[in-house]
Amino acid sequence: IIILQIVGFSELLEAHDNYQSLERLLDYLYFMPHVYFLNQEEIKDKISNQTETMDIDFDAFSEALISRDIGKIETILKSFITEAAGLNVSVEYLHGAILKFVFLYNHFMRDIMKGNKNMNDTQIFKDINELYNSEDFYFWFVKLIKTTFDELSSMEENPKRAVVQLIEKVIVENLTENLSLDFIAEKVFLSPKYVSRIFKEEKGINITQFITECKLKKATKLLLECNTP
């Protein structure tokens with residue numbers, strides 16, 4: 001149970017403004033996970049001398065992603081969470097910093113994972129909105145990054161899987177083209193015969209079957225989301 005307290009008021013018309021003040025306190029509680037009683041006057045005193053920014057080494061975070069240094073990532077995120085709890089900068093800035101961490105991760109995913117089929121930007125941001133406080137964000141984000149590193153290691157142990165994922169990406173992005181085996185092979189810089197064989201070995205179906213499945217999924221999506229015949 002968390003108790004939020006605002007200043008007293010005597011006019012009924014002031015109730016709405018005070019209710020909004022209570023909701024505002026919840027934004028601060030996100031970065032103060034161990035606080036169970038929060039007084040509006042105390043918050044005013046706490047944030048009266050806030051600075052515009054805080055020292056967050058986003059470059060070091062990006063470098064740690066690329067080098068897959070999970071220890072350094074944990075240190076950077078822990079430092080951010082600890083300093084954020086002091087509310088030395090605005091809540092808006094802190095929420096923006098969280099989003100920047102996630103955007104850097106997404107950028108890493110696009111560059112390194114090469115459009116991995118398990119990547120889902122929308123779901124990531126839905127997950128963020130459901131997190132209760134900054135500590136939840138820390139544990140969720142570290143787990144997400146560790147899972148990514150595990151996937152990368154798996155791809156490196158099985159290079160065929162990485163090639164097949166690239167073939168899938170070419171197909172999905174070119175469904176309106178004439179997706180011949182020669183077209184796909186040219187896009188991934190491999191011979192058509194090799195592309196056909198490796199895809200069947202890894203997926204258990206041939207490329208033509210996969211293309212048909214992708215087209216059916218796209219048609220289903222269009223039927224559900226638009227009025228086009």
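**Close-up 1. Lining of the second largest pocket in the predicted model.** In this predicted model, 17 residues line the second largest pocket, and those lying nearest its centre are Y30, H95, I128, L131 and Y132. Two or more lining residues come from each of the elements α1 (15-29), α5 (91-112) and α6 (121-130). By residue class, the lining comprises 13 nonpolar, three polar and one charged, and the space within the second largest pocket amounts to about 340 Å³.

**Close-up 2. Packing of helix α8 against helix α9.** Helix α8, which spans residues 159-173, packs on helix α9, residues 181-188, at an angle of about 120 degrees, and the two axes are 10 Å apart. With that angle, α8 is therefore oblique to α9, and the crossing of the two helices is right-handed. On the α8 side the contact is formed by L166, I167, V170 and I171, which meet I184, K187 and V188 of α9; of these contact residues, six are nonpolar, none is polar and one is charged.

**Close-up 3. Packing of helix α8 against helix α11.** The axis of α8 and that of helix α11, residues 207-225, come within 10 Å of each other and cross at roughly 45 degrees. The two helices are therefore oblique to each other, and the crossing of α8 with α11 is right-handed. Here I167, E168, I171 and V172 of α8 meet I207, F210, I211 and C214 of α11, a set of residues that divides into seven nonpolar, no polar and one charged. I167 and I171 of α8 take part in this contact with α11 and also in the contact with α9.

Key: Residues are numbered from 1 along each chain as its sequence is written. This is a predicted model: local features need pLDDT of at least 70, side-chain atom pairs count only at pLDDT 80 or more; totals for chains, interfaces and linings use all residues. Side-chain values use heavy atoms; hydrogens and water are left out. Axes are lines fitted to C-alpha atoms, for helices over the stretch in contact, and angles run from 0 to 180 degrees between N-to-C directions. Helices (H or I, at least four residues) and strands (E, at least two) are DSSP runs, numbered from the N terminus. Angles under 35 degrees count as roughly parallel, over 145 as roughly antiparallel, 65 to 115 as roughly perpendicular and the rest as oblique. A crossing is left-handed if the near helix is turned anticlockwise from the far one by less than a right angle, and right-handed if clockwise. Contact means heavy atoms within 4.5 Å. Ala, Val, Leu, Ile, Met, Phe, Trp, Tyr, Cys and Pro count as nonpolar, Asp, Glu, Lys and Arg as charged, and the others, Gly among them, as polar. On a 1 Å grid over the protein atoms alone, a cavity is a set of points where a 1.4 Å probe fits but cannot get out, and a pocket is an open set with protein on both sides within 12 Å along at least five of seven lines; lining residues have an atom within 4 Å of a point. Grid points are joined across faces, edges and corners, and a volume is the space filled by probe spheres set on the points.
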